[in-house]
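Here is a short report for a first look. Take a moment with the sequence and the model before reading on.

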Amino acid sequence: MVRALAPMLAVAGRPPDVPGLWSIEMKWDGMRAIARSGRDCRLSSRTGRDITATFPEVAATLDELSRGRELIIDGEIVAPDPASGSPHFGRLQQRMHVRRPSAVLMRAVPTQYFAFDLLSVDGRLITALPYSERRRRLEDAALSAAAVQTPPSWADVDAATMLELAREHQLEGIVSKLAASPYRPGIRSPTWVKTPLRRAADVIVAGWLPGRGRFSTLFGSLILAGYDGEGRLVHIGNVGTGWTMRASRALQARLDELARDTDPFDLPPQGWSTRHAQWVEPRIVGLVEYREVTAEGLRHPSWRGVRPDKPPREVTVPANVPLG
């Protein structure tokens, strides 16, 4: 059952500021996960990959809090920043690629599961119920411990206030959810609207350019791609900052495994020389932050990390990047 339920997805846009009809949650900087708890908790990524062994403290806590009930929950795995307490995707990177973390790593980078929707109770699906009722039942389940939290949902606060609150706490933004809406597994629905404070985009790594200095044996920048409205893989810019030496070595090993002789684009890159480019199969998905988009693609992008929870075919060109 846990593998059969793909997460419901939100559309990006301005928040529908109608308190009472819509509820607002914070947007968390983490990794989406569906959990089945009760007996031998299992965690599944957005792509259906079993990630239970990667986050054993979350699985154990969910089983304990479930008190024998079989629950299917939607939520986000996060790694809090020690100073601010806010989720930090860079810290989560240290855990999400480790299949079986050591006790030392788990103490150094603890993770939490933020539960925000309840999908099934003791084998009975409740996805057809309104969001407001599912949230009420989730809160009644009392899932609260060091490794598991149920963050609040606000039904009577305007969107502008919530965005300012998210900004003050260095969070990603907000997600508005229609109170009367059912849960639609695997569907990107306009009844959920995400409003980020920072511009960010999922990207596909199509290749790399050699580095210099201490990066002379590694990539210096990554060649980025996305699928356009006609399903063509197109160039959307290059990124040359945002990684540590350790992260670049790990990524270089993966790039070497995926090497190919020709570029993977359906439309050839324009406006720059590809003479020194090293091409790879378009299978690695990453997350970047950027200032704006121009005719050349993403402006001032910064790499934030690999996203193993996102299939490459779901990575689309960021809005208003000119194509062709």
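Is aspartate 40 buried or exposed? Aspartate 40 counts as exposed, because its relative accessibility is 52% and the cut-off for exposed is over 50%. Keep in mind that this is a predicted model.

## Overall build

The protein chain contains 6 helices and 19 strands. Its C-alpha atoms fill a box of roughly 60 × 45 × 35 Å along the principal axes. The radius of gyration is 20 Å. For 324 residues, a compact globule would have a value near 20 Å, so the two agree.

Take contacts between residues at least 6 apart: 70% of them join residues at least 24 apart.

## Surface and charge

Of the 324 residues, 50% count as buried. The chain exposes about 15300 Å². Carbon and sulfur atoms supply 50% of that area.

The side chains include 43 positive and 36 negative ones. The centres of these two sets lie 3 Å apart.

## A salt bridge at aspartate 40

The structure holds 24 salt bridges. One of them joins the side chains of arginine 42 and aspartate 40, at 3.7 Å from N to O. Aspartate 40 is exposed. Arginine 42 counts as partly exposed, at 26% relative accessibility.

## Lysine 27 and glutamate 172

The side chains of lysine 27 and glutamate 172 also meet in a salt bridge, with N and O 3.2 Å apart. This pair links distant parts of the chain, 145 residues apart. Lysine 27 sits in strand E2, residues 22-27. Glutamate 172 lies in the loop between helix H5 (159-168) and strand E9 (173-178).

Both partners are buried. Lysine 27 counts as buried because its relative accessibility is 18%, and the cut-off is under 20%. Glutamate 172 has 13%, so it counts as buried too.

## Arginine 46 and glutamate 314

Arginine 46 forms a salt bridge with glutamate 314. Their closest N and O atoms are 2.2 Å apart. Here the partners are 268 residues apart and again link distant parts of the chain. Arginine 46 is in the loop between strand E4 (42-45) and helix H1 (56-66). Glutamate 314 is in the segment after strand E19 (302-306).

Arginine 46 is buried, with a relative accessible area of 16%. Glutamate 314 counts as partly exposed, at 35% relative accessibility.

Key:
Residues numbered from 1 in each chain as written. Predicted model: local features only at pLDDT ≥ 70, side-chain atom pairs only at ≥ 80, totals over all residues. Heavy atoms only, no water. Salt bridge = Lys/Arg side-chain N within 4 Å of Asp/Glu carboxyl O. Helix = DSSP H or I, 4+ residues; strand = E, 2+ residues; numbered from the N terminus. Buried < 20%, exposed > 50% of the residue type's maximum accessible area, 1.4 Å probe, protein only. Rg over C-alpha atoms; globule rule 2.2 N^0.38 Å. Contact = heavy atoms within 4.5 Å. Areas by Shrake-Rupley, 256 points an atom, 1.4 Å probe, with all protein chains shown as cover. Lys, Arg positive; Asp, Glu negative; His and termini not counted. Charge placed at Lys NZ, Arg CZ, Asp CG, Glu CD.
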